[in-house]
Amino acid sequence: MIYDLIDTLIKYALDKDLIKESDVVFSKNKIIEFLGLDEYKEGEVKDLSLEEICDGFDDYAVKKGIINDTVTERDIFDTRLISLLVDK
């Protein structure tokens, strides 16, 4: 579920000091907007590596027709996603 991935990525960003607790809502909103979602639903944090998290987002983007399933488009998509957490 995409909301599990969002919450897992936010937890990863907090653990790696990419964001502060005060940035959580703002960061979630940026991800929701980036993905074109209409709402946010509470997700379950999973024990995943950053690579697994990015692969999950890439798979979601391919399934929703946001990107094509190519190495280049997947790389660009997850790079843009992660940049939402570090570009302030």
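In which sense, left-handed or right-handed, does α1 pass α3? The crossing is left-handed, a term used when the near helix is turned anticlockwise from the far one by less than a right angle, with clockwise giving right-handed. The model is a predicted one, in which local features need pLDDT of at least 70 and side-chain atom pairs count only at pLDDT 80 or more, while totals for chains, interfaces and linings use all residues. Residues are numbered from 1 along each chain as its sequence is written, and side-chain values use heavy atoms, without hydrogens and water.

Helices here are DSSP runs (H or I, at least four residues), numbered from the N terminus. Helix α1 spans residues 2–15 and helix α3 residues 50–63, and the two pack at about 145 degrees with axes 10 Å apart; axes are lines fitted to C-alpha atoms over the stretch in contact, and angles run from 0 to 180 degrees between N-to-C directions. In contact (heavy atoms within 4.5 Å), residues of α1 including Ile2, Leu5 and Tyr12 meet residues of α3, among them Ile53, Gly56 and Phe57.

Among the residues making the contact are Leu50 and Asp58 of α3, and Arg74 and Phe77 of α4.

Finally, a look at the loop between α1 and α2 (24–35), where Asp17 lies. Asp17 has a positive phi, near 60 degrees, and is exposed at 67% relative accessible area (exposed means over 50%, with a 1.4 Å probe and protein chains only).

Technical notes: Buried means under 20% relative accessible area, exposed over 50%, partly exposed in between (1.4 Å probe, protein chains only).
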